[in-house]
Amino acid sequence: MAVLSILDREHTIAPPGYSRWLIPPAALAVHLCIGQAYATSVYKTSMVKHFDSSQTAVGVVFSIAIVMLGLSAAVGGTWVERNGPRKAMFVAACFWATGFLVGALGIGTGQLWLVYLGYGVIGGIGLGIGYISPVSTLIKWFPDRPGLATGLAIMGFGGGALVASPLSRQLLGAYDSNYDPNVSTSVAGGSALVGLFVTLGIGYFIIMMFGVFNIRVPAEGWTPDGFDPKTVQQKALVTTANVSAANAIKTPQFWFLWVVLFCNVTAGIGILEQASPMIQDFFRGDGGKSSVAVAAAAGFVGLLSIFNMAGRFGWSTTSDVIGRKPIYAMYLGVGIIAYALLATVGHTSTVVFVLLAAIIISFYGGGFATVPAYLRDLFGTYQVGAIHGRLLTAWSAAGIAGPLIINGFLDHEGKPGTLTASAYRPALFTMVGVLAVGFIANLLIRSVSERFHEQSESTVEASR
């Protein structure tokens, strides 16, 4: 259709004088919306009651979405590179919004499988395409500060829940007079859940359209004022050559980095997935009563979201100064120390516990935001979005492994509500081992061999 031709790459080339600082807000519009995936716990209890189902059955919705994120990013990465960010972001918005609407149909008809199909599968595809769609464009606009650029956008994914959580509670309260958004145990009815999903689907689509129509790609040969490409060549592990996505997955560097991301995410999810009950269990007295109230535990979860978001921007920006390999050595090395301290002395003080958990989660967020810049350093800008998509399968795998490790140990130790700090130690020390594997993998990363490089610039341009 002629109307849709506005989405084509050739119609998104920035005119002379276009400010590159307009690109991060466009990317942020998409990432803030899809970051809602981290806020599903707000209505999880209401859905369990509505479907008369188990926590596990409803929790599968989120798991499907994360798995689909990784798969769609991996499969669709090359398509995103070929068609440009505007078309990709539009497709992502359509899938994301449709996922909510199909999910609403499932809730309204009492068919949980439709929620799996809608939010899980269809919405999950929107998650994956939306997550990677602005990444390579940001890196091309900010060759001098790729960590800062990707951190600005991916910060939005980490912070999406900070907006979506209170918004969802208020909407549920508006659609159901019996629901109290200020009470964590309050349960909303099915019609309120339908209203919530429809409202979010439409609202997110409109916001994502802001990103779609404001995104631009730089003109051929454009560079920032005062930027000398020769300075890039002077940094360790940073290449000025290009590697295709097909060749990237043949290199040991890709798989070492896959292991690095998998280990970093597995350890972080281990804390995030269990955050609220974990802080209560760590400070449970002999009588079984925790000194940490439910409200305080909820505040702790919110604090972790802030550190998750701040780490995505702060640490990725820092990586522009100290380099990507050293920053990951810090994520993993200091993470090992933090996990060991959490296991041994975390129960002695809530301040110590919160500080250690906040550091771990900031590294978790920073790892996500820094990895696109690490890929750009190793493989160039040619198909970095497609390579990033393939690498995100590590996130899908970690999304399964992290909760399995934590929950597997905790199920062996006792029932929820009776656990203490000692019950967590085997799982926490296991995470120390996981991070150690990632630390070693990061040490093994070297520059990519020239035999994997694209042979000429004409080859690169011809594929675009």
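Predicted model: local features only at pLDDT ≥ 70, side-chain atom pairs only at ≥ 80, totals over all residues.
Residues are numbered from 1 along each chain as its sequence is written, and side-chain values use heavy atoms, with hydrogens and water left out.

**The two domains**
- The protein chain splits into domain 1 (20-220) and domain 2 (232-452), with bounds from an automatic or database domain assignment.
- Taken over C-alpha atoms, their centres sit 22 Å apart.
- In domain 1, 31 residues are in contact with 34 residues of domain 2, contact being heavy atoms within 4.5 Å.
- About 2,700 Å² is buried between domain 1 and domain 2, and carbon and sulfur atoms give 69% of that; buried area is the accessible area (1.4 Å probe) that two parts lose on being put together, summed over both.
- On the domain 1 side, α3, α5, α6 (135-141) and α7 (146-175) each supply at least two of the residues touching domain 2.
- Helix α7 has the largest share of that side, with twelve residues; helices are DSSP runs (H or I, at least four residues), numbered from the N terminus.

**Aromatic pairs**
- There are 25 aromatic pairs, counted when ring centres of Phe, Tyr or Trp (its six-membered ring) lie within 6.5 Å; planes under 30 degrees apart are stacked, over 60 edge-to-face and the rest tilted.
- One of them, Phe-100 with Tyr-119, is edge-to-face, at 5.4 Å centre to centre and 85° between the planes.
- Phe-100 is buried at 0% relative accessible area, and Tyr-119 is buried at 2%; buried means under 20%, exposed over 50%, partly exposed in between (1.4 Å probe, protein chains only).
- Ring pairs also link Tyr-43, Trp-96, Phe-100, Tyr-119, Phe-197 and Tyr-204 into a cluster.

- Asp-52 lies in the loop between α2 (41-51) and α3 (55-83).
- Asp-52 has a positive phi of about 50° although it isn't a glycine.
- Most residues other than glycine have a negative phi.
- Asp-52 is exposed, at 73% relative accessibility.
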